Amino acid sequence: MEHRQKILAIFYDLTNAFGTVCVPILLRKFDMNGVRGVVLDWLRSSLTGRTQVVKMTQRVGKWERTVYSSEVLVVRGTPQGGVLSPSLFAGRVCDMLLYVLIGFTVNYADDTSSLISAADNEQLNQNAQLSSDMLQHFCEAYFLVLNASKSVLVQFRGRKQNEYPQINLAGQIIPCAEQA
């Protein structure tokens, strides 16, 4: 960052990030990036054809009744609690950094942060809004959901500045962290 630049960071929350991974797109992305043969076949067999059943148990006194839903094919998401799930998700969003061209965006598993700078507050707000818009478009294209109410904006500012940026994400203003 240049000297005397205005700086803010946005820490984004992705709702149900591992559960929204679209398996066909993930497999196609791995194939396009050179993952083929036995490894791709193993990933395909691990991620497709999975089913889930919901079990509900009702207890009344000493009586217990258990009901199961019908079996449903799982078409999205990585296995819950799976060791590879964070890596699979990272493979899913690895090109996000090429899509968001304003600021410096970082991913770690399902956490996404953007650091944005500009010479003045007006340009900083415009850059931050543009960066958020680019990220929102990426997420919509890849079936990911950004949660504005759980995201947070932190502005690194001087003591005399009382103005907070208003960054709109999917119709909601990202809340600002209070200055300590």
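What covers the buried residues of α1?

1. Basis of the note. This is a predicted model, in which local features need pLDDT of at least 70 and side-chain atom pairs count only at pLDDT 80 or more, while totals for chains, interfaces and linings use all residues. Residues are numbered from 1 along each chain as its sequence is written, and side-chain values use heavy atoms, with hydrogens and water left out.

2. Helix α1 and its cover. The cover over the buried residues of α1 includes α2 (37-47) and α3, where helices (H or I, at least four residues) and strands (E, at least two) are DSSP runs numbered from the N terminus. The buried residues in α1 are Val23, Ile25, Leu26, Leu27, Lys29 and Phe30; here buried means under 20% relative accessible area, exposed means over 50%, and partly exposed lies in between (1.4 Å probe, protein chains only). Just after α1, Gly34 has a positive phi of about 95 degrees.

3. The open sheet. Four strands form an open sheet in the order β6-β7-β1-β8, and their pairing is antiparallel. At the edges stand β6 (104-108) and β8 (145-156), each of which pairs on one side only, and from one strand to the next the twist averages 20 degrees. As background, strands of a sheet pair through backbone hydrogen bonds, either parallel or antiparallel. Two strands are taken to pair if DSSP finds at least two bridges between them; between β6 and strand β7 (residues 111-118) there are five bridges, in the antiparallel sense, and Phe104 has Leu115 in β7 as its bridge partner.

4. A helix across the sheet. Helix α5 (residues 121-141) lies across β1 (6-15), β7 and β8, and runs at about 150 degrees to β7. Contact means heavy atoms within 4.5 Å, and the axes are lines fitted to C-alpha atoms, for helices over the stretch in contact, with angles from 0 to 180 degrees between N-to-C directions.

5. The β3-β4 hairpin. β3 and β4 pair in the antiparallel sense over six bridges, and they form a hairpin with two residues between them, where Gly61 in the turn has a positive phi of about 60 degrees. Val60 stands opposite Trp63 in β4. Strand β4 (residues 63-68) is hardly covered, since the count of buried residues among its six residues is zero. Met56 belongs to strand β3 (residues 55-60) and counts as exposed because its relative accessibility is 57%.

6. Charged pairs. The whole structure holds four salt bridges, a salt bridge being a side-chain nitrogen of Lys or Arg within 4 Å of a carboxyl oxygen of Asp or Glu. One of them joins Asp95 to Lys29, with the closest N and O atoms 2.9 Å apart. This pair links distant parts of the chain, 66 residues apart, with Asp95 in the loop between α3 (85-93) and α4 (96-99) and Lys29 in helix α1 (residues 23-32). Asp95 counts as partly exposed because its relative accessibility is 23%, whereas Lys29, at 9%, counts as buried. Another salt bridge is formed by Arg59 and Glu64, whose closest N and O atoms are 2.8 Å apart; Arg59 is exposed, with a relative accessible area of 62%.
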